[in-house]
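Q: Hello! I have a structure open here and would like a close look at one part of it, with the cut-offs spelled out as you go.

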Amino acid sequence: MGNLRFVQIEKGNDRHYEIVLPLFIDHINELDGHRNKKSSVEEIIVQLKKRVNIQGMRKDMHFEICYLKDEAIGLAMFAIDLGGIKG
């Protein structure tokens, strides 16, 4: 196999946005399947832009592209909860 590599998505980096868009669409579509919902591509793009635009605002929040060798295979979103996450 190979080693996984994670690259932090940078706000304003058009290439990162192009890479993560299809991965994020797949991610939201999978989540929607579990909650009997269907988000439009436009709605998904709005969600993605919100997530990308907050990059760099908090050191404890990460939105990253996961690579296996040179192929983008997934994404990772994680943050340290400062007590604001509910549900």
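Leaving aside its neighbours within four places in sequence, which residues is L75 in contact with?

A: Once neighbours up to four places away in sequence are set aside, L75 is in contact with V20, L23, F24, F63, E64 and C66, where contact means heavy atoms within 4.5 Å. Two notes before going further: this is a predicted model, in which local features need pLDDT of at least 70 and side-chain atom pairs count only at pLDDT 80 or more, while totals for chains, interfaces and linings use all residues. Residues are numbered from 1 along each chain as its sequence is written, and side-chain values use heavy atoms, with hydrogens and water left out.

L75 also belongs to the largest nonpolar core, a group of 14 residues. Such a core is a set of buried Ala, Val, Leu, Ile, Met, Phe, Trp, Tyr and Cys residues joined through side-chain atoms within 4.5 Å; buried means under 20% relative accessible area, exposed over 50%, and partly exposed in between, with a 1.4 Å probe and protein chains only. The residues with the most contacts inside this core are I9, V20, F24, L48, F63, I65 and L75. Helix α1 supplies the largest share, with six residues.

The protein has two helices and three strands, arranged along the sequence as β-α-α-β-β; helices (H or I, at least four residues) and strands (E, at least two) are DSSP runs, numbered from the N terminus. Of the 87 residues, 28% are buried. Among contacts between residues at least 6 apart in sequence, 55% join residues at least 24 apart. The C-alpha atoms fill a box of roughly 35 × 30 × 25 Å along the principal axes.

Next, the charged side chains. Side chains of opposite charge can pair when their charged atoms come close. Three salt bridges are counted here, each being a side-chain nitrogen of Lys or Arg within 4 Å of a carboxyl oxygen of Asp or Glu.

One of them joins D70 and R5, with N to O at 4.0 Å. This pair links distant parts of the chain, 65 residues apart: D70 is in the loop between β2 and β3 (71–79), and R5 is in strand β1 (residues 4–8). D70 counts as exposed because its relative accessibility is 72%, and R5, at 38%, counts as partly exposed.

Another pairs E18 with R15, whose closest N and O atoms are 3.2 Å apart. Both residues lie in helix α1, three residues apart, or about one turn of the helix. E18 is partly exposed at 49% relative accessibility, whereas R15 is exposed at 52%.

D32 forms a salt bridge too, with R35, at 3.0 Å between the closest N and O atoms. D32 is found in helix α1, and its relative accessible area is 2%, so it counts as buried; R35 is partly exposed at 44%. Beyond four places in sequence, D32 touches K37, K38 and S39.

Last, the backbone has two spots worth a look. Most residues other than glycine have a negative phi, and most peptide bonds are trans. N36, in the loop between α1 and α2, has a positive phi of about 50° although it is not a glycine. K69, in the loop between β2 and β3, likewise has a positive phi, near 60°. N36 is exposed at 77% relative accessibility, and K69 is exposed at 59%.
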